[in-house]
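Q: Could you walk me through how to read a few features of a protein model, one at a time?
A: Happy to; here it is.

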Amino acid sequence: MLNQNVARGLFLAALVLFFASNALRYPIGDLAHAGPGLFPLLICVPLLIIAGAIILQARFSEPVPLQFNPKNIALIMASLVGFVIASEYVNAIAGIIVLVFVAGLAGTTYSWMRNIKIALGLIVVAYVFQRFLGLNLRLI
């Protein structure tokens, strides 16, 4: 039986190693003059530590059988596609709202209030990214 927690940790570690290996293809630079590969590499280090902690913790807890829920996978994929389509044809705020409300259907419980709070939080983050980091996001 494949333990769900071990699989989760291994998947995270594989994903982190993929992004870290691609980050190493870019100049790293140093903290004073950061290259384009420095930020992704700095994010990968703590994520790899978290992946190791998940795998280690799974060794000491009771195994949970690995299960796939095709309905939830389809809902998450649909939310991502809906985000792209709504962002392209309307704006990023509409995309965020579609993403949150469709992905919320994959949860064990559905709460409109929780979805509104999450969407508002993500819209604020997108605004901060646009305003203070200069990202080209079409929010309105």
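Q: Which backbone oxygen does the side chain of Ser87 reach?
A: A polar contact is a pair of N or O atoms within 3.5 Å; within protein, one must be able to donate a hydrogen and the other to accept it, and residues adjacent in sequence count only if both atoms are side-chain atoms. Here the side chain of Ser87 reaches the backbone oxygen of Phe83, at 2.8 Å. This is a predicted model, in which local features need pLDDT of at least 70 and side-chain atom pairs count only at pLDDT 80 or more, while totals for chains, interfaces and linings use all residues. Residues are numbered from 1 along each chain as its sequence is written, and side-chain values use heavy atoms, leaving out hydrogens and water.

Q: Is Ser87 buried or exposed?
A: Buried means under 20% relative accessible area, exposed over 50%, and partly exposed in between (1.4 Å probe, protein chains only). With a relative accessible area of 18%, Ser87 is buried. Ser87 sits in helix α3, residues 70–89; helices are DSSP runs of H or I with at least four residues, strands are E runs of at least two, and both are numbered from the N terminus.

Q: What does Ser87 touch, not counting residues up to four places away in sequence?
A: Contact means heavy atoms within 4.5 Å. On that basis Ser87 touches Ala92, Gly95 and Arg138.

Q: Which residues make up the largest nonpolar core?
A: In soluble globular proteins, nonpolar side chains tend to be buried together. A nonpolar core is a set of buried Ala, Val, Leu, Ile, Met, Phe, Trp, Tyr and Cys residues joined through side-chain atoms within 4.5 Å. The largest one has 7 residues: Ala92, Ile96, Val100, Ala119, Ile123, Ala126 and Leu139. Helices α4 (92–103) and α5 (112–133) each supply at least two residues of this core. Leaving aside neighbours within four places in sequence, Ile96 is in contact with Phe83, Ala119, Leu122, Ile123 and Ala126.

Q: Which residues of α2 are buried?
A: They are Leu38, Cys44, Ala51 and Ala58, and the buried residues of α2 pack against α1 (4–23).

Q: How many helices and strands does the protein have?
A: There are 5 helices and 0 strands. The radius of gyration, taken over C-alpha atoms, is compared with a globule rule of 2.2 Å times the number of residues to the power 0.38. Its value for the protein is 18 Å, well over the 14 Å the rule gives for 140 residues, so the protein is more spread out than a compact globule.
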